Amino acid sequence: MGQNILVIGAGITGVCIAENLRRAGQMVTLIDRVPPGDPAQTSYGNAGILAREAVGPILDLTMLPQLPKWLLMKNSPVNLRWSYIFKLIPWVIPVLRNATKDRMAHTVHAMNELVYDTVDQHINLTKDTDAAHFIKKGEFTFLYPSKSNYLSDAYINDLKKSVGVEWIERDIIDLKQRDPALGDAYKFGASFQNHGWLTDPAGYVASIAQHFTANGGTFLQKEVVDIGADHVTYKDGSVQSADTIILATGAWSKKLAKTFGHKIPLQGERGYHIMLSNPSYKPDQPYLVTDAKFGLTPMAQGLRCAGTTEFAPLDSEPSTTPLHYLEDSIKRVYPDLIWEKTETWMGSRPTLSDSLPMFGRTKSAPNIIYAFGGQHLGITMGPKVGQIIRDIVLDKPTNIDLSPYAIDRFD
């Protein structure tokens, strides 16, 4: 008989962990205060891109000179609630330190291990399940205002090439031949090969969870307020014991992990999206708009514009400025685009100061396993993380070096 395992958090990370453990013969209960795929989850609102190319840190050398300007501009891809700045500084300082050549190279190689085969990982995870139809394969193109903007990314692009990322350069003629609706603001592109995206990220997460419960897994809709060495306590006061407890609650993980003695420089980066319902046009592939820092993805419900970063308390109300910014930015890409209505969303990405996640057993309570910190790439790395945590639970060797993601690396 397998272990009795609790997986706390039913976003993409949690459902992938739970399903991998179920397939390994374990007794798994997946727990969340909301159902999988709910808008309250970070997995609900994202660009849905299986971003094989996304191997760099959240802040790199090319972004550093722009950061002060972004913070001071009213209409920018980065927003800060200035009352929050003193709580943010202890996280920001190591983020800046990691934007160096040596540290960037370390991050690129560590992140590449988690994302290089993301499309195949998602296809393999969902084979013979209803979730498979949410996956689309194709190109993913970065749009630049000019070729000089593209060339300014030379250092990070060279690092990407060093780990096998490939792309095709496209001038404005090529871009418009492939997508005649594009405006004139973006005159150069880099089309990454062997990528994919999800036509409905929320539906995808929900479908994997449904497969999990239909085949012997258990989902429990409850809110965990405390974790002990062998049990969890729910908001209603009830307690549940387990052999192993996996913490996969994203930006909320630090609070639940407070008793286990590890330093966790985790920040919730608030991201926003707008979903344009019944747009007059949808491209046949996703884009990343490099200067505006947002993704543009054709999805089943319409055209999604997802991105921006806001630093504010986790429980504070959404802002309107990032939403207006996204709406203004999409009109630069497609000047003639119209749509019927706009759905808006905000959620918090779980980002550690070195841009890498945390995987492993806690020293003070080895039955507690951390699995959080996917930053902007939770969807991309979800299936691989599910396998890594499965192997940690079963004390099996993994085929990658886990030291870059060690939970005691900040202690």
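Guide: Let's start with helix axes: these are lines fitted to C-alpha atoms, for helices over the stretch in contact, and angles run from 0 to 180 degrees between N-to-C directions. Helices (H or I, at least four residues) and strands (E, at least two) are DSSP runs, numbered from the N terminus. This is a predicted model, where local features need pLDDT of at least 70 and side-chain atom pairs count only at pLDDT 80 or more, while totals for chains, interfaces and linings use all residues. Residues are numbered from 1 along each chain as its sequence is written, and side-chain values use heavy atoms, with hydrogens and water left out.

Visitor: At roughly what angle do the axes of α1 and α9 cross?

Guide: Two packed helices are described by the angle between their axes and the distance between the axes. Here, helix α1 (residues 12-23) and helix α9 (residues 201-214) cross at roughly 25°, and their axes come within 10 Å. That makes α1 roughly parallel to α9 (under 35 degrees counts as roughly parallel, over 145 as roughly antiparallel, 65 to 115 as roughly perpendicular and the rest as oblique).

Visitor: Which residues of α1 and α9 meet?

Guide: A contact means heavy atoms within 4.5 Å. On the α1 side you'll find Ile12, Val15, Ala18, Glu19, Arg22 and Arg23, and they meet Tyr204, Val205, Ile208, Ala209, His211 and Phe212 in α9.

Visitor: And how do α1 and α12 pack?

Guide: Their axes are 8 Å apart, at an angle of about 40°, so α1 is oblique to α12. Among the α1 residues making this contact are Cys16, Ile17 and Leu21, and α12 brings Val385, Gly386 and Ile389, among others.

Visitor: Which residues touch the most other members of the largest nonpolar core?

Guide: In soluble globular proteins, nonpolar side chains tend to be buried together. A nonpolar core is a set of buried Ala, Val, Leu, Ile, Met, Phe, Trp, Tyr and Cys residues joined through side-chain atoms within 4.5 Å. The largest one here has 63 residues, and Val7, Ile17, Leu114, Ile246 and Ile389 touch the most other members. Helix α12 (residues 378-393) gives the largest share, seven residues. A second, separate core has 23 residues, including Tyr234 and Phe410.

Visitor: Is Thr199 buried or exposed?

Guide: Buried means under 20% relative accessible area, exposed over 50%, partly exposed in between (1.4 Å probe, protein chains only). Thr199 has 13% relative accessibility, so it counts as buried. You'll find Thr199 in the loop between β7 (188-198) and α9, and its contacts include His133, Phe134 and Met299.

Definitions and conventions: Lists of a residue's contacts leave out its neighbours within four places in sequence.
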